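Reader: I am new to reading structures. Can we go through one together, and can I ask what stands behind each word?

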Amino acid sequence: MAFAFAGELLHHFIPLPIPASIYGIVLLYIALELKLVKVKDIKETSSFLISIMPIMFLPPAVGIVQSWSLIKGLWLPCAVVIVVSTVVVMAVSGRVTQRLVRKGGRK
């Protein structure tokens, strides 16, 4: 919660178009890298959040169904954006993961 709050504060005071949650995640990552926070301290909560993640997609899905009359004319551009952004996110995530695994292997 402290990292989420710190992310909210940074978002409020830094005039960049970066979501508060991203600030919080970056702060948590830095704290983990600097060994200020131990993985065992956040393991239970992170495992819980990962296990309920599919439920978090329900409200946006319901919103799309309810707004279908407004967006049905835009389904093709939306589908293209979704597919392209998904591929980019997967590629970047894969590269970052590979680098982190290689970095961890050197230690």
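Author: What follows is a short exchange about this predicted model.

Reader: What makes up the fold, helices or strands?

Author: The protein has seven helices and zero strands. Read along the sequence, the pattern is α-α-α-α-α-α-α.

Reader: How do you know whether the protein is a compact globule?

Author: A compact globule of 107 residues would have a radius of gyration near 13 Å. The protein has 18 Å. The C-alpha atoms fill a box of roughly 50 × 30 × 30 Å along the principal axes.

Reader: Why is alanine 20 called buried?

Author: Buried means under 20% relative accessible area. Alanine 20 has 9% relative accessibility, so alanine 20 counts as buried. Buried residues make up 7% of the 107 residues in the protein.

Reader: Where is alanine 20, and what does it touch?

Author: Alanine 20 is in helix H2. Leaving out residues up to four places away in sequence, alanine 20 touches Gly7, Glu8 and His11. Contact here means heavy atoms within 4.5 Å.

Reader: How far is alanine 20 from alanine 91?

Author: Their C-alpha atoms are separated by 24 Å. Along the chain, the two are 71 residues apart.

Reader: What lines the largest pocket?

Author: The largest pocket holds about 880 Å³ of space. It has 23 lining residues, and the closest to its centre are Ile25, Leu28, Leu32, Ile42 and Ser46. Helix H1 (2–13), helix H2 (20–33) and helix H3 (39–51) each give two or more residues to this lining. By kind, the lining divides into 14 nonpolar, four polar and five charged residues.

Reader: How many residues of each kind line the second largest pocket?

Author: The count is nine nonpolar, no polar and no charged. The lining residues are Phe57, Pro60, Ile64, Trp68, Ile71, Trp75, Cys78, Ala79 and Ile82.

Note on methods: Residues numbered from 1 in each chain as written. Predicted model: local features only at pLDDT ≥ 70, side-chain atom pairs only at ≥ 80, totals over all residues. Heavy atoms only, no water. 1 Å grid on protein atoms, 1.4 Å probe; cavity = no way out; pocket = protein on both sides within 12 Å on 5 of 7 lines; lining within 4 Å. Points joined across faces, edges and corners; volume = space filled by probe spheres on them. Helix = DSSP H or I, 4+ residues; strand = E, 2+ residues; numbered from the N terminus. Nonpolar A, V, L, I, M, F, W, Y, C, P; charged D, E, K, R; others polar. Rg over C-alpha atoms; globule rule 2.2 N^0.38 Å. Buried < 20%, exposed > 50% of the residue type's maximum accessible area, 1.4 Å probe, protein only.
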